[in-house]
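Visitor: I'd like to learn how to read a few features of a protein model. Could you walk me through this one?

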Amino acid sequence: MEKYSVVFLPDDIKVEVDAGISLLEAARQAGIHVKSTCGGKGTCGKCTVKVTEGKISGGQGNIPKDLKEQGYILACNAMVESDLSVEIPMEFRLHEHQVFLDDQQEGIVSEGKLDILGDFPLNALAKKISLELPPPTLTENASDYARLITELKKHMATERLTVSNAVLKTLPDILRAGDWKITVTIADLEEGQEIVRVTSGQDDAPAYGVAIDVGTTTIAVTLIDLSSGAVVARQGTYNRQADFGDDVITRIVYADENNGTEKLQQVVMETINDLLNKIFEEQDISMEEIPVAVVAGNTTMSQLFLGISPKYIRLEPYIPAASQYPIVKAKDLGLSINPEGMVLSFPAVASYVGGDIVSGTLVAEVAKHEELTLFVDIGTNGEMVLGNQDWLMCCACSAGPAFEGGGIAYGMRAMAGAIERVAIDKETYHVAYKTIGDTPPVGICGSGLIDCLSKLREAGIIDRSGKMQDLDIPGIKRGDDGPEFILAFAAESGIDQDIVITESDIKNLIRAKGAIFAGVRIMLSMADMPIEAIDKILIAGGFGNYLNVPDSVRIGLLPDLPAEKYEFIGNSSLKGAQLALLSKEAFRYAEEIGRSMTYLELSIGNAFMDEYVSALFLPHTDFSLFPSVQ
Ligand code: FES
């Protein structure tokens, strides 16, 4: 096949690619990550690039008018027809996310007890034991392995102990090199124990475990000292699968249509391994020192992590491959821990309520208390759990990617330059905003969008249905698709364009918030309880951490309950994985939680649709549900 060279600017990165591939694929091959919300379907208009030299075919599609006038084209449907130079401005690339990594010292012992453990015992999924074996003689001639087991038995139960051939192969030399003093690292699981590593000499370093939260948008990893429970190191970044679409549906479509499950598995593993390698370098430890990892993710992410096609998750009747996943060796996944190390995945409840929610429910102790708790994780899907120690129900409402910036003209994820706070003066309509990293604005992220909706309504710029009012103010202009409100003028923005919120963005946001509130109402009505019966609302997820509760209530996204009932619990999926690493009992309990949750399939019947339609108003068609909102 004919090859062409493509030079990407301003980086000056050159790749040789096959003729006829898309510029989006060429950029991927060059290691440049272009925004591609729709996964290359030509519908999102985010993958804009400019060809400065050479010939392409295609490239037309849904591009904002001002960008089109500047010569931008869509990378996903522009095909390479010659050697090329292509400019990809920074604002059209994926950058490091504001990944939520708690800096509280969770896991540190306080008052003689690990905070994260709650009532669970410290009984970690791996341990290290130092042994001194009696050397063999002509009369005492048991095998090396039998000799090891005899000593090990003095420290732990070994009835279900296994060892791989890979470890056994190294054993004779290691025993003799250390003069019969060795350190054994064992994955100590409910299902049995496995010797993962044997080293010469007595090693005082702790056994480590790795907790991994595989989110659709971001990935976070922590290294845990399994003897003290301390979080030794943490790293996070965006999930590089975002090159193939922003939400789970576009990734499932990619996996299905391009035979892409293996590709997506490889990309997620590369993302995680890069984070792990950073940690290992920073801590000066080797991957061989990690005998166990626990992973939590939504059902699609979990299946892709394990290399299982997610195809049937999006097809009615929406069936996942499994709710409990097998324990897999790291070498079978390509995960950069000890190749013989064990990888455990949190169980899923259903196709759209996955291990991340089970993990969050575990660590938030939703099922341990009498009080009625609503646990909400707002991402591209609003997943929620309602219940207490007696019962648990859950549902997922497809809120769409609006709160992650998808389907919003200047929407973006929480990265540097995203407007995250907005204030609008009710008299002058002057806009004040704050961006992530305090850099010139390049777009608006979820928390900024919620602020924006609330403040536009408060200032009377939009009515309760989200329609922009006919006001003669400099902030309102007419765009390609109707009226727009300018949040940042071109002169102050980081992209030389006005950053606006359009009327159709507002409608999208109202639909997204309506879906989430409708999910809450459906669960309450199934339990025959009023909103006031909720004792506590736990907001999980990176997005939740930056959420403004009063504004969220004002737009009708969250229930109108006193602020003291709300609690932000950060990345509960990651914390649950950390807890599971430290306590076998906690992981077993998580499996019970997964089994005991009643899943409400919202697509059955009309109840959800009725609630949803009623919620397509600011804050709601039924004002009595929001007594504190004027
Ligand atoms: Fe190209 Fe969406 S329009 S990735």
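Guide: Let's start with the pocket lining. Helix α2 supplies the largest share of the lining of the largest pocket, 4 residues. Helices (H or I, at least four residues) and strands (E, at least two) are DSSP runs, numbered from the N terminus. Note that this is a predicted model, where local features need pLDDT of at least 70, side-chain atom pairs count only at pLDDT 80 or more, and totals for chains, interfaces and linings use all residues. Residues are numbered from 1 along each chain as its sequence is written, and side-chain values use heavy atoms, with hydrogens and water left out.

Visitor: How is a pocket found, and what lines the largest pocket?

Guide: Rolling a probe the size of a water molecule over the atoms shows where empty space is left. On a 1 Å grid over the protein atoms alone, with a 1.4 Å probe, a pocket is an open set of points with protein on both sides within 12 Å along at least five of seven lines, and lining residues have an atom within 4 Å of a point. Here the largest pocket holds about 850 Å³ of space, a volume being the space filled by probe spheres set on points joined across faces, edges and corners. It has 35 lining residues, and Ile-63, Pro-64, Asp-66, Ala-409 and Tyr-410 are the closest to its centre. The elements that give two or more residues to this lining are α2 (65-69), β26 (476-479), β28 (499-502) and α11.

Visitor: Is helix α11 mostly covered or mostly open?

Guide: An α-helix has 3.6 residues a turn, so residues three or four places apart point the same way. In α11, 17 of the 24 residues are buried, so to speak mostly covered, where buried means under 20% relative accessible area, exposed over 50% and partly exposed in between (1.4 Å probe, protein chains only). Helix α11 (residues 503-526) reaches 34 Å from its first C-alpha to its last, close to the 34 Å expected; the expected span is 1.5 Å times one less than the number of residues.

Visitor: What does strand β20 pair with?

Guide: Strands of a sheet pair through backbone hydrogen bonds, either parallel or antiparallel. Two strands pair if DSSP finds at least two bridges between them. Strand β20 (residues 373-378) is antiparallel to β21 (residues 382-387), over 6 bridges, and the two form a hairpin with 3 residues between them. Asp-377 has Glu-383 as its bridge partner in β21. With β29 (residues 536-540), β20 runs parallel, joined by 5 bridges; there Thr-373 stands opposite Lys-536. Both faces of β20 are covered: Thr-373, Phe-375 and Asp-377 are buried on one side, and Leu-374, Val-376 and Ile-378 on the other.
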